[in-house]
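Please look through the sequence and the model shown below before reading on. The report that follows takes up some of the helices and sheets in turn.

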Amino acid sequence: MPERGLSYQQLDPVGSYGSRPITLVLSLGIIAVAAGATALSWSAVSNPVAALLAVVATAISALGITFWSSPLRAPFRWTGFVVVMLFAAFSLVLAAAGTWNRSANVFEQWAPITVGLILVQLSSYRSARELTEATVLGGLLAAFVAVIHPTPSHFAEPTLVIVLGAAVPLVALGAGATAYSSVIVRSLGRWYSRTATSERAASLAMKDHVLQSVHDDRVGILNDSVVPFFSGLLARGVITHDDREAAGEIASSIRSIMVADVDRSWLDSVVDEVASRRGGSESPGSEVVQDEFRLASGMSTEQRIVVRAVLIALFDHPGFDADGFAVLIARERGSAVVTLTALLDSDESIPRSGLAAYFAVLRIAFPDLHVSFQRPTLTLRFSYGLT
Amino acid sequence: MTQGQSQHVGLQAVNRAFSRFAHVTGYTVLCGALVEILGYQFAAPGRVIWPVLLPVAVTLALLVILDRLRTFAISVLFLIVGGATQFLVSFALLSAFPSIRSTDAVTLSLVSVSLVLVCGSGFVPSSTIIWGTVGFAVGQLASFAAALCTGVAYRPDAISIVVEVGLVLVELTDAITRSRRLTARPELDRAVIDDELSVLRYRVEGKAAAIMHDTVLGHLSAIAAGADGPLDPRMANQIERDVAVLIGEEWLRDASPAPDDSARSDWRRSALLAAVQEARDLSLTVDVTGDLGAIGRLTGERDVAIGLAVKQCLVNVLRHAQVSHAEVVVIGSATDVSVMVIDAGRGFSEHLVGSDRLGLRQSVRRRIESVSGEVRLWSTPGHGTSVLIQVPALPASGGSDA
């Protein structure tokens, strides 16, 4: 089961990356609501500067979510969350200040709705616990502002109704956002737990295939030279000078195969695999992967899986040029630093390309991922700790 | 896990979560409506408003049912009852409170918002949009009817409009972008499987290489370095046995990743002790000291790995150290078992060892790393060699009989 406090983005970076277009649309919608409501109720504005600043604060908050939810900045940072919520809180206060002593109409007090929608936007990127806290604090602030907000005397609404009118839209949307985050994390967590065992059973045939292939390789080597040599020797029962020379040669050839095997890392194998999948007949692994200290083996299972998927996506990406591909793994203090270079003949920006989802996942596995694309060179740089 | 299965599960999880979002928002606005009606009633005790609490409560109860049993009939019933509730609440409040000058007051929009959100949420985008729009229309129709009955100005309420427009935009965006944005998931699923198989291949190749090194390469090297003459019957037997083992498939099955999590408990029958005995048979004097009982806390797989690794270390002492004595020290800690092989021989510099010498790399390091262990080596030319092999062990209470 997932740890408490995880977000949808942390648990399923690809899935939450899918929410990004919705995040962008909601950002525009929130800004439109703030600007439109302010314009339509301009007659109720008593402090134009505060009213306009409220729209600006809302826009900063909504665009902040768009900025921090980028796959190149995943996971959505706590600092980003705090900045977004602070500007959302400013918008609540400023919107009320803008209509001070003039308005009691909820649409003229639009900020609780936009703050609620901001919480909805955040539901893919922050945990249910944080959304609950933000909802409670936001609801209290909206209620407090509504209580102190002076209204014209002819709006004789009961205080409880005024408080609820301000707080309910925010709290309702915030509670919904919390439920969304909580349910999706629980659903995915349950599923991951279930598949942890069934996954092994499902690929038993594949595992047998791997075992058989390794066995066949070894038997092939033995049948080539070792078995005939030993058979002859056992039949004769005598070791001659020629036998000793032959034994030395066979040992040397087997040793060279084993040395190549031992020196080959999983990363070499992956590069060879994806290159052959693209139709290449050579094994470029050891040529393009420079890993003098065999640091690739220090990656965790999760990190290996993500790197493997990124490499496959890169090789499959239209415009990828295998000749410009290189991976360098170097040791820097207690970490291994990976610099991956690839040539991409692509007019798309990286955040919009098909690679963006993979970079979102890569950022979760390697939080210090730095992506630079100066056409046609794409450079990924990230590190991981060495134990 | 089949490719695409996680994609399906991911979409299902999103649909379920969105449905929950809509229902929780619906609960909150309906509860808000209840409290607001109470607020009006307490503010004006002389006016009779409280009866409209009942239809709101019924709508809330229907939402509870819909939350658990989502059928077409209950959804339609929710829309009918919710529409009636919207009319009754609007009518009661507009009649009793002249301060509410139009139908766009927040108090009058709460039931309407629940009608937009609740019925179609969590299905495919088109269904969500249709149900939401019907709910919006029902809510506005009820408000319009209440406005007609009370003579108050009808104005569509802003919150319902924002929620309806937001719902349509979100669902349309979802429908348009869904296919493009999920392309990465099957690749990740495939990477999970590929990595699992790659780890298995690495383990099996490691085991095959270690066995090959310990058997075939050992015999070939012994023959190459030996003298002409009759083949030693013991070596002949060993060669026959080793080749049969390699051509057979037993060693493959042993390499399958299903871990043997039970401790061996009887350290006297461990592979480590067997390796020491084999070295003694080859005329090496080996002193074994330390916490021997700790060996009983090793799983079968780790016991075998450590036994074969120690055997290679002792063979190295025999072949290269130019001494006839070695010491094996066993150290048990709460989580690990460490075995140190020490000799006072001629020592060596690891970086000067030829890249084609595989004993330490293949038969010791890779073998131990494949069972999550670690190997450290200290050696200085002229001052002997110490090899520390450390592997995780079961907790001390797990069956040691020492």
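How many residues has helix α2 of chain B, and what does α2 reach from its first C-alpha to its last?

## Helix α2 of chain B

The model discussed here is a predicted one. Helix α2 of chain B, residues 53–68, has 16 residues and reaches 23 Å from its first C-alpha to its last, which is close to the 22 Å expected at 1.5 Å a residue. Its buried residues are B:L53, B:P55, B:V56, B:T59, B:L60, B:L62, B:L63 and B:L66.

## Helix α8 of chain B

Helix α8 of chain B covers residues 233–247, and its 15 residues should span 21 Å at 1.5 Å a residue; the C-alpha atoms at its ends are 21 Å apart, in agreement with that expectation. Within α8(B), the buried residues include B:M235, B:A236, B:I239, B:D242, B:V243 and B:L246. Seen down the axis of α8(B), the buried residues fall within an arc of 135°, and they therefore line one face of the helix.

On the other side of α8(B), the residues B:P233, B:R234, B:N237 and B:R241 are exposed. The N-terminal end of α8(B) is capped by B:D232, of which a side-chain oxygen lies 3.0 Å from the backbone nitrogen of B:R234.

## The sheet of chain B

Strands of a sheet pair through backbone hydrogen bonds, in either a parallel or an antiparallel sense. In chain B, five strands form an open sheet with mixed pairing, in the order β2-β3-β4-β6-β5. Strands β2 (285–290) and β5 (374–379) of chain B stand at the edges with a single partner strand each, so one side of each is left without a neighbour in the sheet. From one strand to the next, the twist averages 15°.

Helix α10 of chain B (residues 271–281) packs on this sheet, where it touches β2, β3 (325–332) and β4 of chain B, and its direction makes about 155° with that of β2(B). Helix α11 of chain B (residues 300–321) lies across β2, β3, β4 and β6 of chain B, and runs at about 175° to β6(B). Strands β4 (residues 336–343) and β6 (residues 385–392) of chain B pair in the antiparallel sense over eight bridges, and B:M340 stands opposite B:L388 in β6(B).

## The sheet of chain A

Chain A has an open sheet of five strands in the order β2-β3-β4-β6-β5, with mixed pairing. Its edge strands, β2 (289–290) and β5 (370–374) of chain A, each pair on one side only. Strands β4 (residues 335–344) and β6 (residues 377–385) of chain A pair in the antiparallel sense over nine bridges, and A:A342 stands opposite A:L378 in β6(A).

Definitions and conventions:
Residues are numbered from 1 along each chain as its sequence is written. Chains are lettered from A and ligands numbered from 1 in the order in which they are written. This is a predicted model: local features need pLDDT of at least 70, side-chain atom pairs count only at pLDDT 80 or more; totals for chains, interfaces and linings use all residues. Side-chain values use heavy atoms; hydrogens and water are left out. Two strands pair if DSSP finds at least two bridges between them. Helices (H or I, at least four residues) and strands (E, at least two) are DSSP runs, numbered from the N terminus. Axes are lines fitted to C-alpha atoms, for helices over the stretch in contact, and angles run from 0 to 180 degrees between N-to-C directions. Contact means heavy atoms within 4.5 Å. The expected span of a helix is 1.5 Å times one less than its number of residues. Buried means under 20% relative accessible area, exposed over 50%, partly exposed in between (1.4 Å probe, protein chains only). The arc is that of the directions from the helix axis to the C-beta atoms. A polar contact is a pair of N or O atoms within 3.5 Å; within protein, one must be able to donate a hydrogen and the other to accept it, and residues adjacent in sequence count only if both atoms are side-chain atoms.
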